[in-house]
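Trainee: I have a new model open and would like to go through it. Can we take it step by step?

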Amino acid sequence: LQGIFVLGLPYALLHSGYSGLFLLILAAALCCYTGKILIACLYEENEDGQLIRVRDTYEDIANACCKKLSPELGGIVVNVTQVMELIMTCILYLVVSGNLLSHSFPYIPVTEKTWSVIAFVTLLPCVFIKSLKTVSKLSQLCSLVHFIIIFVVMTYCLTQIDQWSWAKFRLSIEFEDFLVSVGVIIFSYTSQIFLPTLEGSMKNPEEFRYMLNWTHIFACVFKTTFALTAFLTWGEDTKEVITDNLPSFLQTIVNLCLLTKALLSYPLPFFAATEIVYACILKGNYSSYRSPRFALGVRGSFLLLTLLMAMFIPHFALLMGLTGSVTGAAMTFLLPCLFHLKLKWKNLCFLEKCADTSVFILGFLCSLAGIVCSIKGLLEIFG
């Protein structure tokens, strides 16, 4: 919940004004809600009224909803959507790594693509990751680096407190700029892809709802405080990535920390994507596919794929925005609400049905707006 998107939140406030503060709270509540209803779809009541976990993955939920149409249709759609989003996330981390290295060492005559290859070499050990425990340790380090970055930015902002002014907030906003802000804010909270695996790996799964509540509350407070502090410091001069506003003597240090964070963030989406693909392959029950060498080959192929796409995809930011508007909105808002309504319709009260429907409509509108803005940007570039 505290990804690189956090560094774009002050810029989102620049274009959304006071409504951005409300959106930061609303997005946390909505993402927390869809996370809960998604996990609820993993369970069914037995004859004694006890909840039993009858499904393990997002794919299982989708197959249960589409079994009348086709036993595996829902799972195929969900898996393709998940893998697309996860791979694009991995590619983004590689592109960001190359960009950060290029800006950190401008005196070295090396292109950004070459820097991306250098960053890729440090990620080769990812092919040996076999469990979520290893990923969680890397994520802990990632969180530590993240808080160092935030601490540096916040400390600098607090030294400029005498320049703060609420007059910097906008009352009137441009509609297209506002849509960009909505996308940045909402998708800075998304984590639904990982939740079924996370809940299934917990020592005490019954504490999942409490964990989700508190993490989203802390994330909301943290994001709002950080975005507000940074925006009040730079106002109209706030840049897309807030670290670009820092003085030059701090930028290099922060950029290297961001590089470390990007590299440590890579294993989680990479592991999730390869596990989905490997699980789909194993459904064929071919014994030859169960060998460690084959699993290593799958991970190695995915690793190489992310590098090649990072090297050769033009206008990656817009394509990432387009993919995120389709896959991100689908996995975060649309599918959880649809699945919950389908599987739990008889047990839902009127207010719960209204809540699911409202979140679905809101997610659809955000997705549609994001798609339109991304396609418009691509058309302008290709002229």
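Mentor: We will go from the overall fold to salt bridges, surface patches and one cysteine.

Mentor: This is a predicted model, in which local features need pLDDT of at least 70 and side-chain atom pairs count only at pLDDT 80 or more, while totals for chains, interfaces and linings use all residues. Residues are numbered from 1 along each chain as its sequence is written, and side-chain values use heavy atoms, with hydrogens and water left out.

Trainee: How many helices and strands are in the protein chain?

Mentor: The protein chain has 14 helices and two strands. Both are DSSP runs numbered from the N terminus: helices are H or I with at least four residues, strands are E with at least two.

Trainee: What does the C-alpha trace span along its principal axes?

Mentor: About 65 × 50 × 45 Å. The radius of gyration of the protein chain is 21 Å, which agrees with the value near 21 Å for a compact globule of 383 residues. That radius is taken over C-alpha atoms, and the globule rule is 2.2 Å times the number of residues to the power 0.38.

Trainee: What share of the residues is buried?

Mentor: Buried residues are 47% of the 383 in the protein chain. Buried means under 20% relative accessible area, exposed over 50%, and partly exposed in between, with a 1.4 Å probe and protein chains only.

Trainee: Next topic. How many salt bridges does the structure hold?

Mentor: Four. A salt bridge is a side-chain nitrogen of Lys or Arg within 4 Å of a carboxyl oxygen of Asp or Glu.

Trainee: Which residue does glutamate 44 meet in a salt bridge?

Mentor: Arginine 55, at 3.0 Å from N to O. Glutamate 44 lies in strand β1 (residues 43-45) and arginine 55 in the loop between β2 (51-53) and α3, so the pair ties together parts that are eleven residues apart in sequence. Arginine 55 is buried at 11% relative accessible area, whereas glutamate 44 is partly exposed at 25%. Glu44 and Arg55 are also linked with Lys344 in a network of salt bridges.

Trainee: And which salt bridge joins arginine 53 to glutamate 199?

Mentor: Their side chains meet at 2.8 Å, N to O. Arginine 53 is in strand β2 and glutamate 199 in helix α8 (residues 195-201), so this pair ties together parts that are 146 residues apart in sequence. Glutamate 199 is buried, at 2% relative accessibility, and arginine 53 is partly exposed, at 26%. Arginine 53 also has a salt bridge with aspartate 56, at 3.0 Å from N to O.

Trainee: What makes the nonpolar surface patch?

Mentor: Tyr210, Trp214, Ile217, Phe218 and Val221 make a patch of about 600 Å². Tryptophan 214 is in helix α9 (residues 208-234).

Trainee: Last one: is cysteine 142 buried or exposed?

Mentor: Buried, with a relative accessible area of 8%. Cysteine 142 lies in helix α6 (residues 132-159). From cysteine 142 to glycine 8 is 18 Å in space, C-alpha to C-alpha, and 134 residues in sequence.

Conventions:
Patch = residues over 30% accessible without salt bridge, like charges linked within 9 Å, V, L, I, M, F, W, Y side chains within 5 Å. Areas by Shrake-Rupley, 256 points an atom, 1.4 Å probe, with all protein chains shown as cover.
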